[in-house]
Amino acid sequence: MSQSDGKPEIVEDPEKKKKKDEKAREKELKKQKALEKAAMAQLKAQQAANAPKKNTKKNARRDAGEENPDDFIDPETPLGEKKKLSSQMAKQYNPSAVEKSWYAWWENSGFFVADADSKKPPFTIVLPPPNVTGALHIGHALTTAIEDTIIRWRRMSGYNTLWVPGVDHAGIATQVVVEKKIMRERHLTRHDLGRENFVDEVWKWKNEYGGTILKQLRRLGASLDWSRECFTMDDKRSRAVTEAFVRLYKDGLIYRDLRLVNWDCILRTAISDIEANYVDIKERTLLKVPGYEDPVEFGVLTSFAYRLEEGLGEIVVATTRVETMLGDTAIAVHPDDGRYTHLHGKFAVHPFNGRRLPIVCDAILVDPSFGTGAVKITPAHDPNDFEVGKRHNLEFINIFTDDGKINSNGGSNFVGMPRFKARLAVAEKLKEEGLYRGAKNNEMRLGVCSRTNDVVEPLIKPQWYVNCNIMGKQALDAVIREENKEVEIIPKQYAADWKRWLENIRDWCISRQLWWGHRIPAWYVTLEDDELKEMGAYNDHWIVATDEDEAREGAHEKYPGKKFELCQDPDVLDTWFSSGLFPLTTLGWPDQTSDLKTFYPTSVLETGHDILFFWVARMVMLGIQLGGQVPFSKVYLHPMIRDAHGRKMSKSLGNVIDPLEVINGITLEGLHKRLEMGNLDKNELAIAKAGQVKDFPNGISECGADALRFALVTYTAQSDKINLDIQRVVGYRQWCNKLWNAVRFAMSKLGDDYVPPPEVLLENLPFVCKWILSVLNRAISKTVSSLNSYEFSDATTAVYSWWQYQFCDVFIEAIKPYFAGEKPAFASERRSSQDTLWLCLETGLRLLHPFMPFVTEELWQRLPSAEGATRKVSIMICDYPSPVKSWENETIELEMDLVESTVRGLRSLRSNVLVKQKNERLPAFAYCQTDEIFNIIKSHELEITTLATLSSLEVLLSGRDDAPTRCAFENVNENLKVYLKVEGNLDPQAEREKLRLKMEEVQKQQEKLKKAMGITGYEEKVPVHIQEENVAKLAKLIQEFEFFQKETSRLDAEMTEGGLS
């Protein structure tokens, strides 16, 4: 820009400008030449139109060279319209070009929408709702790839498919993200804002960022029914959650109780077990804890003494959390421990507050052989002590505030002190009192919140619980009951986890002390004449109702004529409660909607095995209880994705992969920028960037959605963990290019005027055409059976192997001679090959479509329609291929197996023996030991010559013809050897060594077989048919050994003649 624009003028580098000008001149010259060529071509074309047709091939080649680049570029397609394709197929596969426009057209055409009134059999999947917190990760992409494969396959197989999309409000995760954002941008806490304003901020954040997930799902090609999209906190789902709570409460399955919970002092809420990670600590270890400047010591067992009443001395106890002694209310010993018999029923005295601590006998908790055999009991801060407290009717004293400071119960010396600072202060005070008895290393497990990295603190809190005894038993039986099993878990080994968890299920704490979530529909009634006015003081003063008006009516009925105040419980429900209702609520429950009647129960639940209990089991429990039957009949659990090194994906390691970054590609700098936009601190950011430099030094190549989907589905063979290597995805992107070029070749052989026949007659087809249809039929059978049995990796292998190893590597190459030079002798084979090419492409693309929807749609749309057929507008609503009995031909497949083995032998000779002549066509020989093999090889000379790139193939028969001389040699099997004529490049010594090794191998096999046949009782014990097989095997081995001996003698003679011995 000029300085008048308010910006400094940029002076271009002279050398760069010089090069730019030269390039521009070259471009102009090329353009001029192209125009001249085009004009000349037009003139020649006019002349050719008036002249007799000749030199067609030469003219075609010249015309093909005069290409218009615009012919290879897709025209712009208005959003939602069917994609406009270029007149010529691009010469290379470009994922961003291929995957453009199709999805919007699919969605706009209503292909994803299910019909509740359809007569087709229903097939329903509920998408595991991803968290609203930002972007999808690669694990979500795996879920999407698998589920869309299932849905597209079922849709093409004639089912009324419904795939329901939804997003989870993710209570804790979302609240943490928004709290960090507010602190980072405005230096405010949620408490500074107040509840109402904070919730408004979360909704703003959700409306701004929640769409990221939906865009990514569309970019992955997920054929979700967007007309039924839902959010766990939208009005319909919120009403359903309230209704579920009220019904369960009225059925006696929800109650309120004072119990221990896992508490996060930063979030100031109870957290579920899945949100707590456990760190194994072997010895004294200093760890960084949020909110503390100095590291905190863990892995230490501190011993101290309590003085006993009546002058009975002292009793020594030990703990890893010495600060909790402020809440001790007893000391437990084993009733059979003779050291403490005299103390039964006696008391110790708390040194800081004078509290009397009874000595109680407890055989369940106390191990006399561990430590001193005496255990301090803090019922309000330890799960084991909590149970002791209930057994012995002890006092429960909470010493912590919700944010982890010592409260007034801890004593004036420590009140207001953060818990880990109090740990040090208590130890010092014990030393002052002369009660400290030392500390030593102690192995332990430390609970840490996955959201905040805060150390989990067991706290006693009044919470709402779901009674899981009856529902848990119903869910257990649904899976493990052999007769009338209602739910099948795949892979089946996870049924053992299901059994273990549900046999030991505890009641489910559903209260969360958050502001973001479904407010618990319970109101506390404070009566005017209540002595205690704080909320929850009387556990029987709660009214559960769908809204405040209903709660008020309930309070009037319960307390007629009394004055009262109502206050709703400030807590929200555990996120898993609303997600556990998802199969019901997405279909309209509690209303009896047409969707609920048609699509419930759903067909399959697909998710990660890590949430089998937290989500799947709860859906089954709630589905049976509220929906009257199990919510799905099958559960497919996919592996958990790790990085290529087997590490769990973590933002702090920098190894989290965004599916869009794989689809679109991204530079290393782009990966770094994404990290910088996150919530990592400086140290975490440095570690994460270093991880990215190591794993993605050149960034991530553009792979496209199809390649990513296919790669992820192939990985499902690993049933526990997937170590995802992005290079494997890159490999499938390259395979897409091979697929693209194979179709380009095929289209060039079909020609513009080709019209497929209504039916391809098998009896008229050449051998290779019959073969490709037979193996296609086998691939269809394997793919369908694998999909039916949820063996998705086997399905991808079947499809890939046919396309890659049979269609591309063999069939396309084998039919090339039919099209070379348009020879009249091959006219019939040429037409048959065209028909078979079209049939393979059309069927093979439909077979591949559920795995790779974009590229298959694009290629399918380019195929001509069969004569007289009404073509579907999209491949995704075509019929999925099913096996065709008439295509099956095992004899031809066996013959082709021999042909391919022969070709592999000849190719092996090329690669191992030849140096300079690897790409030359050389003469070869096939030396057959039987008439049957001779006849097969003789009838397939053309295929072998073509596939092995030979100049000629001479088929010889043992006993009639001599083995070739001065040739490289390869053994195909005991009945067939191949030779390659090598002019001056044969290494006789290497050939003789090869023969020696083969003879050794055959001799070993002979000896092993003879030994097996010579054991005592062989003729009596071994079945006759096995004995006959062994005799035949031995005869073949002897024959093969004799042949190698002859070859060795022949080679020795050649070496002597040539002076090489």
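R256 is buried, with a relative accessible area of 13%; buried means under 20% relative accessible area, exposed over 50%, and partly exposed in between, with a 1.4 Å probe and protein chains only. The model is predicted, so local features need pLDDT of at least 70 and side-chain atom pairs count only at pLDDT 80 or more, while totals for chains, interfaces and linings use all residues. Residues are numbered from 1 along each chain as its sequence is written, and side-chain values use heavy atoms, with hydrogens and water left out.

R256 sits in strand β5, residues 254-264. Helices (H or I, at least four residues) and strands (E, at least two) are DSSP runs, numbered from the N terminus. The partner of R256 is D569: the two form a salt bridge, with the closest N and O atoms 3.3 Å apart. R256 lies in strand β5 and D569 in the loop between β24 (564-568) and β25 (572-573), so this pair ties together parts that are 313 residues apart in sequence. A salt bridge here is a side-chain nitrogen of Lys or Arg within 4 Å of a carboxyl oxygen of Asp or Glu. Both R256 and D569 are buried. The side chains of R256 and D569 also make a polar contact, at 3.3 Å. That term covers a pair of N or O atoms within 3.5 Å; within protein, one must be able to donate a hydrogen and the other to accept it, and residues adjacent in sequence count only if both atoms are side-chain atoms.

By the salt-bridge rule, the count comes to 62. One of them joins the side chains of R218 and E107, at 3.0 Å from N to O. R218 belongs to helix α9 (residues 211-219) and E107 to helix α4 (residues 102-108), so the pair ties together parts that are 111 residues apart in sequence. R218 is partly exposed, with a relative accessible area of 24%, and E107 counts as partly exposed at 29%. Another salt bridge links D74 with K83, whose closest N and O atoms are 3.6 Å apart. Here D74 is partly exposed, at 23% relative accessible area, whereas K83 is buried, at 6%. R321, R419, D454 and E457 are linked in a network of salt bridges.

Next comes surface charge. D547, D549, E553 and E557 form a negative surface patch. Patches are made of residues with over 30% relative accessible area and no salt bridge; like charges are joined within 9 Å, and nonpolar side chains (Val, Leu, Ile, Met, Phe, Trp, Tyr) within 5 Å.

Helix α19 (residues 612-627) is mostly covered, with 14 of its 16 residues buried. After α19 comes G628, whose phi is positive, near 85 degrees. Helix α33 spans residues 988-1013 and contains E991, which counts as buried at 6% relative accessibility. E991 and K651 are 340 residues apart along the chain, and their C-alpha atoms are separated by 57 Å.

For the whole protein chain, there are 35 helices and 33 strands. Of its 1061 residues, 50% count as buried. The C-alpha atoms fill a box of roughly 120 × 90 × 70 Å, taken along the principal axes.

Note on methods
Areas by Shrake-Rupley, 256 points an atom, 1.4 Å probe, with all protein chains shown as cover. Lys, Arg positive; Asp, Glu negative; His and termini not counted. Charge placed at Lys NZ, Arg CZ, Asp CG, Glu CD.
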